[in-house]
Structure formats: structure tokens, C-alpha cells
Amino acid sequence: MSELVYGIVTGILFGFFLQRGKVLRYDKQIGALRLLDMTIVKFMFTAILVGTVGIYLLTDLGLAKLSVKSTILGATIGGGLLFGIGWGLLGYCPGTAIGAIGEGRWDGVWGVLGMLVGGALYAEAYPWMKQSLLIWGDLGKITLPGVLHVNHWVVIPVFILAGAGLFLFFEKKNL
Amino acid sequence: MRQLRDGNYWSPYLAGAFAGLVLVLSVFMTGNYFGASTSFARSAGLIEQIFSAERVARIEYFTKTTPKIDWQWMFVIGILIGSFIAAKISGTYKAQTIPDMWQEKFGSNVALRGTVAFIGGTVAMFGARLADG
């Protein structure tokens, strides 16, 4: 039960900051895909950088565990292509479609209904996927530090510098 | 980064940093990472169960991803509530059926926007589940 309470409280906080960052907007998401407005990239990359440092600190202290998903080329590339097409049509990703409805963007409802159908269709297609895309190019649970055979604190500063460089570029170009 | 506020909104860097902190806190307190798409698949299963529970029980995917309300499902509902609270407090809540950028390009036909959004949602969710995103 408390697991569910933690879930909703965490969601409320996350939804609050998504709305404050102005990323729940069709115009911002399509703006990023059209390379006109990098608001969502700024939000996402900042969140990822803070999350990376915080979570690796916690794992080093033995206070948390990484949750690494398998890299399966067939599934990741195939799924990524489909996701990109769908995202470009809808203008919201699954989490932001829900958040968009919260701030009054009712077109998110159509997206959510479509996503329920998409989830149902995937469940039907799963037996075929399991024999094809889901086994093509299975590289296992790899990470960048693991592949490079270096400590994660070698990769993280490079990642932060790359992010900072990207942000400076965005600000210079007014994106 | 020139300013931390943009009208009634925050800088995306500031809001993103807070979102990152919420993730770190969540992983620390409950071990839960953020995600949303699994909950749509579970919800689809929950809805299908209303019509035929036996059929859902035979679908292999739903034996692995059981149709149920879990941490992530509540997290997704929380996003809806959190966004509503933030929009109302800041005075940025705005009921809108057609996004501005869409209207400029494709006009104000609600059915057209609805159809494309629906198809987009279907395709995006299929892809998200396939890539395990």
C-alpha cells in the first residue's frame, strides 16, 4: 500500500516540475523535433545529469542499485523508429500526454486513448516480437563505463562537460 | 541560463534539475526509477479484463506484465495531478483542444487533430513497449 502512496507523491512532484519547465506542450515537443526550440532537451538533459551524479553516488555508497535494461538492437532501433513517428504525430510522449491533460491540453486525451490501443496491440504482437526483433542483436545489460572498461567517474565528468557545451550552444543560438 | 524565470514559468534547467532530484530521491527511498509506458499496457489489460478475463489470461504478454495498479501506475496518475496543481497555482492552466503550432499549419479541425493524435499515440506506445522504454 505505501508503495502506491510513494508512487502518487513522486508523480505529483515530477508532474509539478514538468509543468513548471513548460515541457508539457505540443509546441515545445514538436519545436524540438523541428530543431526550433530546445526547451525539452534542456529539461531532460539537466534532469539526466543530476540523476546520473545522484544515483551513481548512491550506488557507490551501497544505498541504491542501478536498473540497467538490456540493449537489444532490433527492439531498440525498431521501437525507437516507431516511437519517433508516433511522437511526431501526437506531439507528446506517454508521460507528458498525461501531464498535458493536467494543464488543460485536451488533445492529450486522444493520445492517451491511442496509447491504450497501442499497448493492447503490442500485447497481441508480443509472441511474434519475441521470435524476431526482441532477440536480434541482444548485447545484454551494457553500460558506457562497462564497455569502455573505465570507472563511471571517468565517464560522468565528460558527460557533464558535453551537456554544458550543448547548453552554451543552445543559449548562444537562442534555441 | 540568462534568467531563471520565463514569464510565469521556470527555466527548463531549474525545473529539470528539480525533476532529477525527485528521481534520485525516489531511487533512494523506494528503488523506483521513472517510466510510464508499462502502465498503459497494464491499463489496456485491465480494460480488456472487463470484457473477457479468460482471454486476457491467455495472452502471454499479460502473464509477464500483469494488468494491475502498481507504483508506476500511481506515478502516472500523480503526473496528471502535479501538472494540474502547478498550472492552477501559476495561472498557466489553459483549456485548449488544438495546440497553437498545429493550428498554424493544419487549421482548427478538432477531428483531424484528434485522429492524428490517436494514431500517433497508438504507434508511439507500440514502439515504446517494443524498445522497453
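A residue is called buried here if 20 or more other C-beta atoms lie within 10 Å of its own, exposed if 12 or fewer do, and partly exposed in between, with C-beta atoms placed from the backbone. By that criterion A:Ala123 is buried, because 23 other C-beta atoms lie within 10 Å.

Before I continue, a note on conventions. This is a predicted model, in which local features need pLDDT of at least 70 and side-chain atom pairs count only at pLDDT 80 or more, while totals for chains, interfaces and linings use all residues. Residues are numbered from 1 along each chain as its sequence is written, and chains are lettered from A and ligands numbered from 1 in the order in which they are written.

Let me return to A:Ala123. This residue sits in helix α6 of chain A, residues 107-131; helices (H or I, at least four residues) and strands (E, at least two) are DSSP runs, numbered from the N terminus. Which residues does A:Ala123 touch, leaving aside those up to four places away in sequence? They are B:Ala41, B:Ala44, B:Gly45, B:Ile59, B:Tyr61 and B:Phe62, where contact requires C-beta atoms, placed from the backbone, within 7 Å.

From the side of chain B, B:Ala124 touches A:Phe83, A:Gly86, A:Trp87, A:Leu90, A:Met115 and A:Gly118, with the same exclusion of residues up to four places away in sequence. At least three of its residues come from each of domain 1 and domain 2 of chain A.

I turn to the contact between the chains. It takes 85 residues from chain B and 88 residues from chain A. On the side of chain B, the elements giving two or more residues include β2 (9-10), α1 (12-30), α5 (71-90) and α7. The residues on that side divide into 55 nonpolar, 21 polar and nine charged; Ala, Val, Leu, Ile, Met, Phe, Trp, Tyr, Cys and Pro count as nonpolar, Asp, Glu, Lys and Arg as charged, and the others, Gly among them, as polar.

The C-alpha trace spans about 55 × 45 × 25 Å along its principal axes. Of the 133 residues of chain B, 48% count as buried.

Helix α7 of chain B, residues 110-130, reaches 30 Å from its first C-alpha to its last, close to the 30 Å expected, that is, 1.5 Å times one less than its number of residues. Of its 21 residues, 15 are buried. B:Asp132, which follows α7(B), has a positive phi, near 60°.

Finally, chain A is divided into domain 1 (1-67 + 146-175) and domain 2 (68-142), with bounds from an automatic or database domain assignment. Their C-alpha centres lie 20 Å apart, and 13 residues of domain 1 are in contact with 11 residues of domain 2. On the domain 1 side, α2(A) gives the most, with four residues.

Notes: Two residues are in contact if their C-beta atoms, placed from the backbone, lie within 7 Å.
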